[in-house]
Amino acid sequence: MDLTKKFDLKSADYDSLCAYMAQIGEKKFRATQIYEWMHVRHVTSIDEMTNLSKKLREQLKEQCTFTVLKQLDVQISKQDGTRKYLFGLADGNVIESVLMRYKHGNSVCISSQAGCRMGCRFCASTLDGLARSLTPAEMLEQIYRIGCDIGERISNVVVMGSGEPLDNYDNLLVFIRMLTDTHGLNISQRNLTVSTCGLVPRIRELADLKLQITLALSLHASSQEKRKELMPVANKYELADVMAACDYYFSQTGRRVTFEYSLVGGVNDTDADVEGLCRMLKGKNCHINLIPVNPIKERDYVQSERAVVEAFRQKLEKNGINATVRREMGRDIDGACGQLRKRHMDAAQTGT
Ligand code: SAH
């Protein structure tokens, strides 16, 4: 451990925190106390850790960074109570997170990066490229701040906000470990979903860890050619290889993969598209989530007609493929990935 650099206290998993405390000559139970202050009680400053000596608190303040996100804005949907948060990071970057309230509990959708470099054509998060990846603490904090804001337990987490989680792989793994740690929020791995645009080697690595998290794969097309038009990442990875990696994930973990398919009017919602999809997914133990595309002003993509969406879904079901249309939560607020952040950044730039 390099003690010349500040130690990122909230990004340290339990074992690393224990090791750090040992290194500065403190007992292990101190690590347990500090971990609880941060990851169970979600305090916003080291000074609030009142069972530590003043001296230790001062030492930690000097030697460590302590990540707390600043809530810059929140939009609350009048339709369904969905809340979209805009958070400020210590370096001035901004990210967004969403709270969705379901009958089965509260679900938070977090960002894994500020911006994104994957370039999917219909996505607002990628328009200004990648600013940087988030630390484990910054990923956790999104959940902690929202939990504190509503004063309720968060039971589900989806890593489906801005950014490509598998492009921030090491931090993602620490985040998963900490989120599901019995010393922390203790969220079950089964209540965590990680969504990827399909970074094949990373999917395989993740599969080998045999975690019980759900993998969601952003498919959006049933042919390599069409996928390339919508998702530049398809230039790097062939659709057949992406599908093989998903099969591998299932074989290693026993967890059924979710496929996401954003329906874009006239682009990927034709009969040929659904037939291709049926051929590709038939017989697989999977689930497909159809998302009517959320139009962004920078692109001229439109949503598929409702009837087209429904026919698409029925055709999949007829072929034995489990399909649902994603409920559009929070349509009355800047719903689509990265829209709120983008609007905030554009306003900051023009000084409005
Ligand atoms: N990088 C990850 C997480 C991104 S967002 C991934 O690609 O999976 C989660 C999902 O929302 C992805 O399937 C993404 O393609 C989709 N998405 C992004 N912008 C959208 C929009 N404007 N309308 C519909 N779906 C969108």
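Tutor: A definition to begin with: contact means heavy atoms within 4.5 Å. Helices (H or I, at least four residues) are DSSP runs numbered from the N terminus. The model is predicted, with local features needing pLDDT of at least 70 and side-chain atom pairs pLDDT 80 or more, while totals for chains, interfaces and linings use all residues. Residues are numbered from 1 along each chain as its sequence is written, and side-chain values use heavy atoms, without hydrogens or water.

Student: Which residues of H9 meet H10?
Tutor: Asp273, Val274, Glu275, Leu277 and Cys278 in H9 meet Phe312, Lys315 and Leu316 in H10. By class, this contact has five nonpolar, no polar and three charged residues (Ala, Val, Leu, Ile, Met, Phe, Trp, Tyr, Cys and Pro count as nonpolar, Asp, Glu, Lys and Arg as charged, the others, Gly among them, as polar).

Student: Changing topic, which residues come nearest the ligand?
Tutor: Of the 17 residues around the ligand (a heavy atom within 4 Å), Ser195, Ser218, His220, Ser262 and Asn294 come nearest.

Student: Where does a ligand nitrogen find a polar backbone atom?
Tutor: At Asn294, 2.8 Å away; a polar contact is a pair of N or O atoms within 3.5 Å. A ligand nitrogen is also 2.9 Å from a side-chain N or O atom of Glu164, and one is 2.9 Å from such an atom of Ser262.

Conventions. Helices (H or I, at least four residues) and strands (E, at least two) are DSSP runs, numbered from the N terminus. A polar contact is a pair of N or O atoms within 3.5 Å; within protein, one must be able to donate a hydrogen and the other to accept it, and residues adjacent in sequence count only if both atoms are side-chain atoms.
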